[in-house]
Every structure is written in structure tokens, then in C-alpha cells.
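Keep the 3D view open and turn it as you read.

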Amino acid sequence: MKRYSAFALVREALNDHKGWSRAWADAQPKDRYDVIFVGAGGHGLATAYYLGKRFGITNVAILEKGWLGGGNTGRNTTIIRSNYLQDPSAAIYEKARDLYEGLSQDLNYNVMFSPRGVLMLAQTHHEVRGYQRTAHANRLQGVETEFVGPERVKEIVPIIRLDGPRYPVLGGLWQARGGTARHDAVAWGYARACSAMGMDIIQNCEVTGVRSEAGKVTGVDTTRGAIGCGKLGMVVAGHAGVLAQMAGFRLPVESVALQALVSEPIKPCMDVVVMANTVHGYMSQSDKGEMVIGGGADGFNNYTQRGSFQHIEETVRALIETFPMVSRLKMLRQWGGIVDMTGDRSPILSKTPLEGCFVNCGWGTGGFKAIPGSGWGFAELMAKGQAPLCDAFSLDRFREGRFIDESVAAGVAH
Amino acid sequence: MLVFRCPYCGVDAEETELSPGGEAHLTRFGPGSSDAEFSGYLFDRENPKGVHFERWRHSYGCGKWFHAARCTATLEVFGTYPAQTTEPPKDILDTLAKKRPGWTWRELGAK
Ligand SMILES: Cc1cc2nc3c(=O)[nH]c(=O)nc-3n(C[C@H](O)[C@H](O)[C@H](O)COP(=O)(O)OP(=O)(O)OC[C@H]3O[C@@H](n4cnc5c(N)ncnc54)[C@H](O)[C@@H]3O)c2cc1C
Ligand SMILES: [Zn+2]
């Protein structure tokens with residue numbers, strides 16, 4: 001693998017760009033690996049990367065039924081923030097945000113992390129109190145956030161309308177170091193680094209069964225044959241339940257559709273991310289000028305990866321009162337992803353009833369921001385059987401009643 | 001968009017007229033049950049990619065709860081039936097046998 005640098009750009013510019021090598025090798029499956037990951041989304045790839053980098057385990061394959069990053073990682077609205085309420089959440093999301101800051105250098109791949117700031121609007125008195133509480137909790141957790149009043153909101157977002165008739169803006173929770181990143185680049189950057197360590201990324205390879213002997217995982221069946229493994233990491237987001245069924249256990253997860261849309265490109269008008277949780281909508285502006293818009297998730301199980309008109313209408317309607325200019329925009333395209341929702345709206349990073357088989361899922365509507373932190377912790381869990389970042393997110397928390405209730409702090413799909 | 005026929009008032013109601021209520025035919029475990037049974041009842045879900053049975057409420061119509069059989073992979077609706085039962089009626093099972101031979105779900109019926 002050749003390193004990317006300003007020097008390499010100049011060299012290739014003089015060479016008609018003929019000297020670039022492929023970013024990652026298109027591998028063929030071997031008979032056996034020490035570790036197999038199912039799912040080449042951000043979380044699977046990041047885990048593989050830190051498994052190699054931190055623990056020297058590189059006899060690893062990442063199996064993907066479609067194409068690399070084609071799941072939720074390539075379908076999300078890329079909001080990165082760590083202003084959660086509960087301590088275990090703050091720890092893993094802040095670790096992730098912190099790693100995002102240096103990720104382009106670490107991977108030698110530009111993930112376009114843009115710490116432009118994330119503002120969560122308070123539009124009811126209940127929300128004001130809720131976000132003030134979160135700001136206090138964040139201060140104790142060492143996460144830099146601040147509750148700001150309406151005047152400051154207007155300074156940060158000049159296009160906002162503060163005095164809407166139904167939901168006036170009463171303030172907001174401001175995380176200046178939150179922002180966005182290029183979703184595809186995160187998947188591609190990790191993939192390139194994994195491939196450089198000798199790991200096999202195998203696309204168009206669907207896992208169709210999980211093999212085990214005496215309660216211990218031994219391998220997987222795939223559309224490209226059986227492959228043996230010592231340990232198995234299931235990192236398939238919306239398909240977590242389907243994989244769990246293959247492995248013979250059940251998960252407290254339901255899969256539903258979440259959708260997003262983008263407008264026609266317009267001139268720069270908003271240089272932060274704004275989330276309006278009471279009305280269920282959020283918005284940011286991409287580098288291309290499109291307004292990237294998201295809303296709430298469907299309430300019923302769905303695997304179809306498409307959206308529905310009434311949800312687009314609901315989302316846009318929600319934003320128009322606070323951002324009147326949205327009413328004049330044409331919307332360009334819309335898509336959906338299948339997100340994995342747990343009962344307490346927090347993820348699962350855990351051992352499973354099948355020995356050697358680990359599961360990383362339940363990120364639901366908000367796991368893009370967590371990719372580096374989740375990979376960091378989950379790699380440690382798989383290598384050592386225990387990890388401080390993951391322990392609170394184990395599967396037994398449901399049986400034991402140790403919920404990490406973030407449904408209040410998250411409020412909206414993001 | 002999903003369209004269900006409400007088994008009570010006979011109206012063909014679309015998604016926005018209804019509220020989803022999650023997995024149907026859950027056996028309610030309470031005091032005296034094991035930890036595994038209780039947490040299974042509260043949290044574990046079937047979440048199939050394919051045939052599924054659900055509870056829906058005709059919120060902006062007659063207001064009643066009913067059951068629906070549906071495919072989560074295609075959004076095809078196989079039929080609806082009243083809520084006062086622990087398993088789907090025969091006509092729904094016949095439709096499923098024809099349209100989705102070999103379909104599976106967790107064990108049905110009262111326990
Ligand atoms: C519309 C939308 C907006 C979102 N917005 C945000 C946001 O702003 N901020 C944020 O933090 N998060 C957001 N999210 C959530 C975020 O996208 C996800 O939590 C995150 O991308 C999950 O990553 P993953 O690697 O776990 O899953 P994925 O990226 O979905 O990867 C899982 C992979 O597993 C593969 N797979 C499944 N079954 C099999 C099999 N049997 N064999 C082989 N491979 C298989 C899939 O093809 C897929 O590529 C959003 C999600 C959606 C849908
Ligand atoms: Zn009715």
C-alpha cells in the first residue's frame with residue numbers, strides 16, 4: 001500500500017495518475033481464520049482494524065453480503081456528537097469523537113471529519129430542563145458541552161426562526177466539537193488499513209449459517225463456501241436478529257426503517273448541525289451544498305431499506321416552522337436504512353450464549369458517531385474477554401435490569 | 001405504504017391512520033415465572049425477515065386493537081384478524097402455506 005500525501009499527489013499529477021494502487025485487495029476466502037467478522041460496515045471494519053493494531057491479531061476476514069459500507073454506514077446523515085446523559089454512553093461516544101479527531105492521520109485516509117458543532121434545540125420547557133441536566137452530566141463526564149440561550153442560538157444559526165407559533169426556540173445544547181464526517185470514507189479508510197495489515201475483506205459473501213461444536217463456534221457457512229474460525233464477531237446492524245437465529249439465540253432487538261433525504265444544492269447557509277428533537281427533524285449542509293435532512297424511525301419491523309412518503313412529509317413539515325427557507329427547497333433524493341433498536345435505545349457489545357461468538361449491534365439510529373470508539377472497545381472485548389468501554393453494554397443488562405436508558409437523551413433519530 | 005383492513009369496522013386503513021403495537025401473541029409472564037421467562041417476555045423479540053404477526057391499533061378510526069400477518073421483507077400484507085386470540089386463524093395460516101411455504105415463527109398458541 002502506498003501512503004497518500006501531498007507529495008504523492010504531485011508525483012501522480014505529473015504521471016497522469018497512473019501510479020495509484022488499489023485501496024484494498026479484493027480477497028478470496030481461505031479455509032480458516034482466527035477471527036471472522038460478519039458485516040463490512042463501519043463497526044465491523046473498525047473492530048478488525050483495532051484488533052490488528054492494538055492486539056496484533058491479523059489473521060482476520062471481514063465477510064460482507066453486499067458491498068463494503070453499503071449498509072447503514074453508507075446511508076446515514078453522519079452526525080457526530082457525544083453529549084449523552086448516562087456515563088457508559090458518554091464514555092464510548094466521547095472516545096469515538098476523540099478518535100475521529102485524529103482518524104485521518106491515523107488511517108492515512110481523509111475521512112473529512114468536520115467538527116463544525118452540533119446544536120440540539122430546546123423548544124419546550126421540558127427540553128430546556130432536560131438539556132440543562134445533560135450539560136451538567138457532561139461537565140462531570142469531562143465532555144465539553146454548554147446550554148445556550150436563544151440569542152446565542154441565533155448567532156450560531158442565522159437562518160433559524162426563534163419565535164415560531166407552536167415551538168419557539170428557548171435555547172439549545174451546544175457541543176462545539178461535534179460535527180460530521182464523510183461516511184463512505186470512514187468505511188473505506190478502515191478497509192484500506194485492514195487490508196494493509198493482511199486482513200481479507202470479502203464482498204458478495206453472505207453468511208447463511210453459523211457452525212458450532214459443543215457450545216463453541218467453529219465457523220460459518222457462506223454463499224462462497226464454509227469458512228472456519230476461532231472467534232466470530234457479528235456486526236450486521238439491522239440483520240442482527242437474523243444472524244442470532246443462525247447461532248441459536250435471540251436478541252432484544254427489532255429492525256425498523258429509518259430514512260433521510262437531501263435537497264438540491266444551495267449556497268452555504270448553515271455551517272453547523274441542528275437537531276430539533278421535539279418536532280423530530282434535523283439538518284446540516286453538505287460540502288456539495290445539499291441540505292441533509294433526517295427524521296424519526298418507522299414504528300414497525302421492516303427489512304426493505306426504503307422509505308415512505310408520509311415520513312418525508314412529516315420530517316419536512318417539522319422543520320419548516322423553525323427553518324422557513326426549507327419550504328422553498330426542492331428535494332433531490334431519499335433513501336432508507338434498516339436500524340436495530342433495543343429496548344433501552346443503547347447498543348449491545350457483548351459475549352453471547354455461544355462461546356467464541358460476540359455481538360456488536362443495537363446502535364439503532366445513532367451508531368455512525370460511535371464507530372471508532374465501538375471498534376476500539378469491541379476489539380478489546382474479543383481479544384481479552386473484557387473491556388471497560390463495553391462491559392456496561394452486555395446482553396445480561398436486560399435480564400439484570402441495568403438499562404442504559406438513552407431514549408430521553410437521544411430524543412430523535414440521528 | 002401499508003394498508004390494512006380493520007377486522008372490526010371493515011375500513012381499508014392506511015399506515016397514517018394506524019399505530020403499530022409490536023409483536024403479537026406474546027405470552028405474558030409475571031410473578032412466579034423464571035428470570036429468563038420474564039426478561040424474554042419483556043425484551044426478546046422474534047424480529048423475523050419474512051412472515052410476522054403484529055398488533056396494530058385503528059387509532060384514527062374505531063380505536064380498536066387488531067392483529068395483522070405481514071411480510072417484513074416485502075411489506076406484503078397477508079390479512080388481519082381480531083385481537084381476542086392466541087394464534088392466527090386458519091384462513092391466514094392457509095394463505096401463508098400457499099404464499100410462503102416453509103415459513104417459520106416461534107411456537108404459537110396459548111401456554
Ligand atoms: C437514514 C439514517 C440516518 C442515520 N443518521 C445517523 C447520524 O446522523 N449519526 C449517527 O451516528 N448514526 C446515524 N445512523 C445510524 C448509523 O448509520 C448506524 O448505527 C451505523 O452505520 C451502523 O454501522 P454498522 O457497521 O453496525 O452497520 P452497517 O453499516 O449496516 O453494516 C452491516 C453490514 O452487514 C452486512 N450484512 C448483513 N447481513 C449479513 C450476512 N448474513 N452476511 C454478510 N454480511 C451481512 C450488511 O450488508 C452491512 O453492510 C443513521 C442511520 C440511517 C439508516
Ligand atoms: Zn377499525
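Of the 39 residues around ligand 1, the ones that come nearest are A:Gly39, A:Gly41, A:Gly71, A:Gly337 and A:Gly367. Helix H2 (42–55), strand E12 (253–265) and strand E16 (331–342) of chain A are the elements that give two or more residues to this shell. Sorted by class, the shell around ligand 1 holds 13 nonpolar, 21 polar and 5 charged residues. Before going on, keep in mind that everything here belongs to a predicted model.

The domain assignment of chain A gives domain 1 as 24–109 + 182–251 + 344–410, and domain 2 as 118–177 + 255–342. Between the C-alpha centres of domain 1 and domain 2 of chain A there are 27 Å. Across the boundary, 29 residues of domain 1 of chain A are in contact with 26 residues of domain 2 of chain A. On the domain 1 side that touches domain 2, the elements giving two or more residues are H3, helix H7 (240–247) and helix H11 (407–410) of chain A. The largest share of that side, 4 residues, comes from H3(A). By class, this side of domain 1 of chain A has 10 nonpolar, 12 polar and 7 charged residues.

Most residues other than glycine have a negative phi. Phi of A:Met112, however, is positive, near 55°. Is A:Met112 buried or partly exposed? With 18 C-beta neighbours inside 10 Å, A:Met112 counts as partly exposed, because being buried takes 20 or more.

Another positive phi waits in a hairpin of chain A. Strand E9 (residues 207–213) and strand E10 (residues 216–222) of chain A run antiparallel and are joined by 6 bridges. One pair to find on screen is A:Val210 and its bridge partner in E10(A), A:Val220. The hairpin of E9(A) and E10(A) has 2 residues between its strands, and A:Ala214 in the turn has a positive phi of about 50°.

Let's cross to chain B. Here 4 strands form an open sheet with antiparallel pairing, in the order E3-E4-E5-E6. Strand E3 (19–23) and strand E6 (77–82) of chain B each have a single partner strand, so one side of each is left without a neighbour in the sheet. On average, neighbouring strands of this sheet are turned by 30° against each other, direction ignored. E3(B) pairs with strand E4 (residues 51–57) of chain B over 3 bridges, and B:Pro20 has B:Trp56 in E4(B) as its bridge partner. Helix H2 (residues 90–99) of chain B packs on the sheet, touching E4, strand E5 (65–71) and E6 of chain B. The direction of this helix makes about 165° with that of E6(B).

Our last stop is B:Asn47, in the loop between helix H1 (35–42) and E4 of chain B. Phi of B:Asn47 is positive too, near 45°. B:Asn47 has 26 other C-beta atoms within 10 Å, so it is buried.

Notes
Residues are numbered from 1 along each chain as its sequence is written. Chains are lettered from A and ligands numbered from 1 in the order in which they are written. This is a predicted model: local features need pLDDT of at least 70, side-chain atom pairs count only at pLDDT 80 or more; totals for chains, interfaces and linings use all residues. Two strands pair if DSSP finds at least two bridges between them. Axes are lines fitted to C-alpha atoms, for helices over the stretch in contact, and angles run from 0 to 180 degrees between N-to-C directions. Two residues are in contact if their C-beta atoms, placed from the backbone, lie within 7 Å. A residue is near a molecule or strand if its C-beta atom, placed from the backbone, lies within 6 Å of it. Ala, Val, Leu, Ile, Met, Phe, Trp, Tyr, Cys and Pro count as nonpolar, Asp, Glu, Lys and Arg as charged, and the others, Gly among them, as polar. A residue is buried if 20 or more other C-beta atoms lie within 10 Å of its own, exposed if 12 or fewer, and partly exposed in between; C-beta atoms are placed from the backbone. Domain bounds come from an automatic or database domain assignment.
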